[in-house]
Amino acid sequence: MFSRPAKPVRYANSSNSRLPKSAAASNGAAKSGKTVVRIDPVYFRPTEVDLLVGDASKAREKLGWQPRTSFAQLVKEMVAGDLDDARREAAGGKHSV
């Protein structure tokens, strides 16, 4: 049975991983100096932050929480979703943003 703590506790779920900026261009395409990706301004968020770092150790220690999705798998799923949206948009549909 789950018991509620007397004082609310906040937990941050995180992979504790960072994706280096160079990882996006690990295939060497960015080294050519040519534009390989253009971003439509409609996708920019005005309050986007440059770096988000989380620490899920409290959730692991206090709740026994463990991630079911690795950081690498999460990135693959996000890229696949973005590609699906781009294909749908290119075919005349609307994106899901």
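In which helix do D84 and R87 both lie, and how many residues apart are they? Both lie in helix α2, three residues apart, or about one turn of the helix. Welcome to a short tour of this predicted model, in which local features need pLDDT of at least 70, side-chain atom pairs count only at pLDDT 80 or more, and totals for chains, interfaces and linings use all residues. Residues are numbered from 1 along each chain as its sequence is written, and side-chain values use heavy atoms, with hydrogens and water left out.

**Overall picture**
- The chain's secondary structure amounts to two helices and zero strands; helices (H or I, at least four residues) and strands (E, at least two) are DSSP runs, numbered from the N terminus.
- Of the chain's 97 residues, 4% count as buried, where buried means under 20% relative accessible area, exposed over 50%, and partly exposed in between (1.4 Å probe, protein chains only).
- Among contacts with a separation of 6 or more, 74% come from residues 24 or more positions apart, a contact being heavy atoms within 4.5 Å.

**Helix α2 and what follows**
- Helix α2 covers residues 71-90, and its 20 residues should span 28 Å at 1.5 Å a residue; the end C-alpha atoms are 29 Å apart, which agrees.
- That expected span is 1.5 Å times one less than the number of residues.
- Just after α2, G92 adopts a positive phi of about 100°.

**Salt bridges**
- The structure has two salt bridges, each a side-chain nitrogen of Lys or Arg within 4 Å of a carboxyl oxygen of Asp or Glu.
- One joins the side chains of D84 and R87 at 3.6 Å, N to O; D84 is partly exposed at 40% relative accessibility, while R87 is exposed at 54%.
- In the other, R88 and D85 meet at 2.6 Å, N to O.
- R88 and D85 are separated by about one helical turn, because they sit three residues apart in helix α2.
- R88 is partly exposed, with a relative accessible area of 40%, whereas D85 counts as buried at 11%.
- An α-helix has 3.6 residues a turn, so residues three or four places apart point the same way.

**Nonpolar surface patch**
- V36, V37, I39, V42, Y43 and F44 form a nonpolar patch on the surface, with about 610 Å² of accessible area together.
- Patches are made of residues with over 30% relative accessible area and no salt bridge; like charges are joined within 9 Å, and nonpolar side chains (Val, Leu, Ile, Met, Phe, Trp, Tyr) within 5 Å.
- I39 lies in the segment before α1 (57-63) and is exposed, with a relative accessible area of 54%.

Key:
Areas by Shrake-Rupley, 256 points an atom, 1.4 Å probe, with all protein chains shown as cover.
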